[in-house]
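I opened a new notebook page for this chain.

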Amino acid sequence: MILHSTLGRRHRRTALTAGLIFTLWFTWFLVTWLGMPDSYPAPLCPGNVPPWWPSFIPA
């Protein structure tokens with residue numbers, strides 16, 4: 001609603017792009033913040049990062 005009322009009236013693609021970027025960022029935030037328990041087995045994954053996790057994605 002906020003994007004539609006501010007950007008959507010003049011720049012529809014900008015509003016859609018901003019909404020998509022925010023949705024992806026918010027999903028990433030929730031998955032990494034809520035989905036990673038503190039009791040993740042550190043002996044199996046040093047630093048709580050699995051060995052297969054790509055280095056360009058923050059963990």
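**Rings.** I started with the rule for aromatic pairs: rings of Phe, Tyr and Trp (its six-membered ring) pair if their centres lie within 6.5 Å. Planes under 30 degrees apart count as stacked, over 60 as edge-to-face and the rest as tilted. I searched the whole structure and found five aromatic pairs. One of them joins Phe 22 and Phe 26, which are stacked, with 5.8 Å centre to centre and 15 degrees between the planes. I noted that Phe 22 and Phe 26 are about one helical turn apart, because they sit four residues apart in helix α2. I also looked up Trp 25 and Phe 26, a tilted pair at 6.5 Å centre to centre with 40 degrees between the planes. Ring pairs link Phe 22, Trp 25, Phe 26 and Phe 29 into a cluster.

**Source notes.** This is a predicted model, where local features need pLDDT of at least 70 and side-chain atom pairs count only at pLDDT 80 or more, while totals for chains, interfaces and linings use all residues. Residues are numbered from 1 along each chain as its sequence is written, and side-chain values use heavy atoms, with hydrogens and water left out.

**Exposure.** I wrote down the cut-offs: buried is under 20% relative accessible area, exposed is over 50%, and partly exposed is in between (1.4 Å probe, protein chains only). Phe 26 has 37% relative accessibility, so it counts as partly exposed. Trp 25 is also partly exposed, because its value is 45%. Trp 52 counts as exposed because its relative accessibility is 64%. Of the 59 residues in the chain, 7% are buried.

**Surface.** The accessible surface (Shrake-Rupley method, 1.4 Å probe) comes to about 5500 Å² for the chain, and 70% of that belongs to carbon and sulfur atoms. I then checked for a nonpolar patch, which joins nonpolar side chains (Val, Leu, Ile, Met, Phe, Trp, Tyr) within 5 Å, from residues with over 30% relative accessible area and no salt bridge. A salt bridge is a side-chain nitrogen of Lys or Arg within 4 Å of a carboxyl oxygen of Asp or Glu. I found a patch of about 1300 Å², with Phe 22, Trp 25, Phe 26 and Trp 52 among its residues.

**Fold.** Helices (H or I, at least four residues) and strands (E, at least two) are DSSP runs, numbered from the N terminus. I counted two helices and zero strands. Trp 52 is in the segment after α2 (12–34). Asn 48 lies in the segment after α2. Its C-alpha atom is 8.4 Å from that of Ala 59, eleven residues apart along the chain.

Note on methods:
Patches are made of residues with over 30% relative accessible area and no salt bridge: like charges are joined within 9 Å, nonpolar side chains (Val, Leu, Ile, Met, Phe, Trp, Tyr) within 5 Å.
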